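My entries follow in the order I made them.

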Amino acid sequence: MLDEVVLNEQAPWSEFDSDAYVAGNYHELQAADAEIISIMRDHFGGYFAEHPDPVIGVDVGAGANLYPALAMLPWCKEITLFEHAPRNLAYLTRQLEPESYDKNWDQFWEALRENREYAEFKGDPRERFREVVRVAPANILASDLGEQLREKREAWSVGTMFFVAESMTTEEEEFRRGVACFMRALAPGAPFFAAFMEHSEGYHAGDAFFPACDVGESEVLESLEPFAGKSGTLHVRRLRTPVKVRAGYSGMIVAYGRRNSDSDDDIPEC
Ligand SMILES: C[S@@+](CC[C@H](N)C(=O)[O-])C[C@H]1O[C@@H](n2cnc3c(N)ncnc32)[C@H](O)[C@@H]1O
């Protein structure tokens, strides 16, 4: 457990071991991810059944996790995976090579296909993945990305952020900025899905240890309300799955809904 403050820029991102992270989290589809996918496929499937036009998607802090991008794949003509850690960028870039993404991601795609809207996608997901996904180095707390996100705001009409804002710093102020940066990127009305570790004490990716901010449902709700309250929609809930993927946290929280169209003046800066 970390008692001291660790800001985002102080954490050893260049030592983030993608292969160890994937081996520990995503070689097998775990119960918590299966529950997340069951909620996310109904959220996105329900939205796109009524809004079938192609959109542009973004996954913020994609790391070495492809299933948020797979969840957006059937409806996206472009998906940007923003990522900060060099080895995760290399991992993601490898997944775009001609033989495309690794076999372990098939079970995540099959879980998505339990929703009819995904089952009706007739193409080859690997081919679509290679066609539409691009990987971009980014620090979401840096002002140049804030500007990029704002510039393209009308363009990003679906977005995901999984285990990033609370898993990159011990500081609540940086957690809130991370959430704000993600939500500020999205066009009014855009459906979004985010996941958070609850009361995390930090985590390993290989030998390196990474900081986490201690958040629960109320902090997640407060951070998102300015962007999805009022004219948007917002659901925040703890997963029911009791199984933990590692020690040092108390559960997982998902937050999903649609971005509101309130004036930028009223919402927190990123
Ligand atoms: C716990 S991992 C989550 C990765 C992945 N989204 C997942 O669901 O497994 C935290 C991720 O946040 C990324 N990250 C940390 N600081 C960041 C920053 N300032 N900007 C963008 N991404 C950042 C890390 O590189 C890492 O990929």
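**Entry 1: serine 167**

I began with the contacts of serine 167: leaving aside neighbours within four places in sequence, they are Trp13, Met197, Tyr203, Pro211 and Ala212. Contact here means heavy atoms within 4.5 Å. The model is predicted, so I note the limits: local features need pLDDT of at least 70, side-chain atom pairs count only at pLDDT 80 or more, and totals for chains, interfaces and linings use all residues. Residues are numbered from 1 along each chain as its sequence is written, and side-chain values use heavy atoms, with hydrogens and water left out.

Next I looked up where serine 167 sits. It is in the loop between strand 4 (156–162) and helix 9 (172–185). Helices (H or I, at least four residues) and strands (E, at least two) are DSSP runs, numbered from the N terminus. Serine 167 counts as buried because its relative accessibility is 5%. The cut-offs are under 20% relative accessible area for buried, over 50% for exposed, and partly exposed in between (1.4 Å probe, protein chains only).

I also checked its side chain. It makes a polar contact with the side chain of glutamate 166, at 3.0 Å. A polar contact is a pair of N or O atoms within 3.5 Å; within protein, one must be able to donate a hydrogen and the other to accept it, and residues adjacent in sequence count only if both atoms are side-chain atoms.

**Entry 2: two partners of serine 167**

I followed proline 211 first. I found it in the loop between strand 7 (208–210) and helix 10 (217–228). Proline 211 counts as buried, at 1% relative accessibility.

Then I took tryptophan 13, in the segment before helix 1. At 12% relative accessibility, tryptophan 13 is buried. Beyond its neighbours within four places, its contacts include His84, Ala85, Pro86, Ser167 and Tyr203. I also noted tryptophan 13 and arginine 87, 8.7 Å apart C-alpha to C-alpha and 74 residues apart in sequence.

**Entry 3: the largest pocket**

Which residues lie nearest the centre of the largest pocket? I found Phe16, Tyr21, Phe163, Ser167 and Tyr203, out of a lining of 37 residues. The volume is about 650 Å³. A pocket is an open set of points on a 1 Å grid over the protein atoms alone, where a 1.4 Å probe fits, with protein on both sides within 12 Å along at least five of seven lines; lining residues have an atom within 4 Å of a point. The volume is the space filled by probe spheres set on the points.

I sorted the lining by type: 21 nonpolar, 13 polar and 3 charged. Helix 1, strand 2 (76–83) and strand 6 each supply at least two residues. Helix 1 gives the most, with 4.

**Entry 4: helix 1**

I turned to helix 1 (residues 18–25), where Ser18, Tyr21, Val22 and Asn25 are buried. Down the helix axis they fall within an arc of 95°, so they line one face. The arc is that of the directions from the helix axis to the C-beta atoms. The general rule: an α-helix has 3.6 residues a turn, so residues three or four places apart point the same way. The buried residues of helix 1 pack against helix 2 (31–50), helix 4 (86–94) and strand 6 (203–205). At the start of helix 1, a side-chain oxygen of aspartate 17 comes to within 3.2 Å of the backbone nitrogen of aspartate 19.

**Entry 5: helix 7**

Pro125, Arg126, Phe129 and Val132 are buried in helix 7. They fall within an arc of 150° seen down the axis, so they line one face. They pack against helix 3 (67–72), strand 2, helix 5 (106–112) and strand 3 (133–137). At the start of helix 7, a side-chain oxygen of aspartate 124 reaches to within 2.9 Å of the backbone nitrogen of arginine 126.

**Entry 6: positive phi**

Last, I checked backbone angles. Phenylalanine 163 has phi near 55°, a positive value in a residue other than glycine. Phenylalanine 163 lies in the loop between strand 4 and helix 9 and counts as buried, at 11% relative accessibility. Histidine 199 is not a glycine either, and its phi is about 50°. Histidine 199 is in the loop between strand 5 (191–198) and strand 6, and counts as partly exposed at 37% relative accessibility.

How values were computed: Nonpolar A, V, L, I, M, F, W, Y, C, P; charged D, E, K, R; others polar.
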